[in-house]
Amino acid sequence: MHNSYTLNVFFYRHWVDKNCVEWSKAYFSENLIGISAISDDGKTKAEISKLSSLTGDVDVSQRKGKVISLFDVRLVLDYTGSIENGDSVSGTISIPEVAYDTDEAEYVFEISISSETAEKQVVRQLIKSKILPQLRQKLTAFGPDLIRTHSKDIQHPVTENKSTFTASNQLVSDQARIAKANASGSSSSSSGGSVTAYNTTTLNLDTVFNAPASEIYLTFLDPGRVTAWTRSPPVTFSPTEGGEFSLFGGNVTGKFLTLIQDKSIEMLWRLKDWKSGHHANLKIDIDQGRGETKAFITIKGVPIGQEDTTRRNFEEYYIKSIKLTFGYVYKSSAYKNSNILLGSICIIVVILGMVLMRI
């Protein structure tokens, strides 16, 4: 199965990343399907029957000789069962967040019952009391098993890295097919050296980082951090207004236009395979929230026909790489809401206690 996984090798800093999403699907199917429980009276049964879905990221990385795992996924499990009168019961168990920093007690489970009735509630109670504890143990074992299985695949001396799947190559691989179509229009249209214009469009992206705005601002502008999340030192990088940059081996270049501390970054930005002289205007607006930071990215001037490629590359090599490199993965709303609910219950209990004492 080794060849079915993507192995990305980055030469400059002894980095190796391995995408383990498909392996994770097989892992959870093998370890979670079949988990079952029977009530003490033997009249109610439930069993995990299927891994319905797994969405998110799972990566094992080597960083300067040290192997680490970074993952954040959502799982949906199907279950089947039966109750005392012989009726069959089915439904789902959703786990909003299985992450590299989630403790066993922090997992949140959402149990649903198809065609729910009062009689079927005993299945929910059985799942809570006997199946969820088993799931917690299995989920907690995932991280160590992930490292144990894949660490040998990525611990290679830098001199042995012969893969062509580098960050620089991947960033422009999709543009290669488009480049031929644009080649005839990339030359000067007159003796004066004017550039043939594209028909362009605007892309809008947004994401949430689990970090303060000041950290996100620095992550885009600090040369050391840029080297980390791009997996290679910039060719040039001058993080000042008017300063130029060249990233991913020269495949992304541009110039900073406006920098507003912890608020926004605006730049001219282009991919190497775009027509000579053509730049998009890329602006990152940073909005500090409560416990997280939202980033709104606007890219004006993207050539028609290259929208999907540009969006995919920016999400993969900027957003995803930054989150996985620095641990800025946003905690799910379900996880936060569960903590808010718990805190609210505690406050109510305290208030009731005070009222009873007065009585």
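Predicted model: local features only at pLDDT ≥ 70, side-chain atom pairs only at ≥ 80, totals over all residues.
A pair of aromatic rings is described by the distance of the centres and the angle of the planes. F237 belongs to strand β9 (residues 236-237), whereas F256 belongs to strand β11 (residues 252-260), so the contact ties together parts that are 19 residues apart in sequence.

The structure holds 18 aromatic pairs in total. Aromatic residues also gather in a cluster. Its members are F220, W229, F248, W269, W274, F314, Y317 and Y318. A ring can also face a charge. The charged end of K323 sits over the ring of F209. The distance to the centre of that ring is 5.6 Å.

Helix α1 spans residues 21-32 and has 12 residues. From its first C-alpha to its last, α1 reaches 16 Å. This is close to the 16 Å expected at 1.5 Å a residue. Which residues of α1 are buried? They are V21, W23, S24, Y27, F28 and L32. These residues cover an arc of only 145° around the axis, which puts them on the same side of α1. An α-helix has 3.6 residues a turn, so residues three or four places apart point the same way. Just after α1 comes G34, with a positive phi of about 100°.

Methods:
Residues numbered from 1 in each chain as written. Heavy atoms only, no water. Phe/Tyr/Trp six-rings, centres within 6.5 Å; stacked < 30°, edge-to-face > 60°. Helix = DSSP H or I, 4+ residues; strand = E, 2+ residues; numbered from the N terminus. Lys NZ or Arg CZ within 6 Å of the ring centre and 35° of its normal. Expected span 1.5 Å × (residues − 1). Buried < 20%, exposed > 50% of the residue type's maximum accessible area, 1.4 Å probe, protein only. Arc of directions from axis to C-beta.
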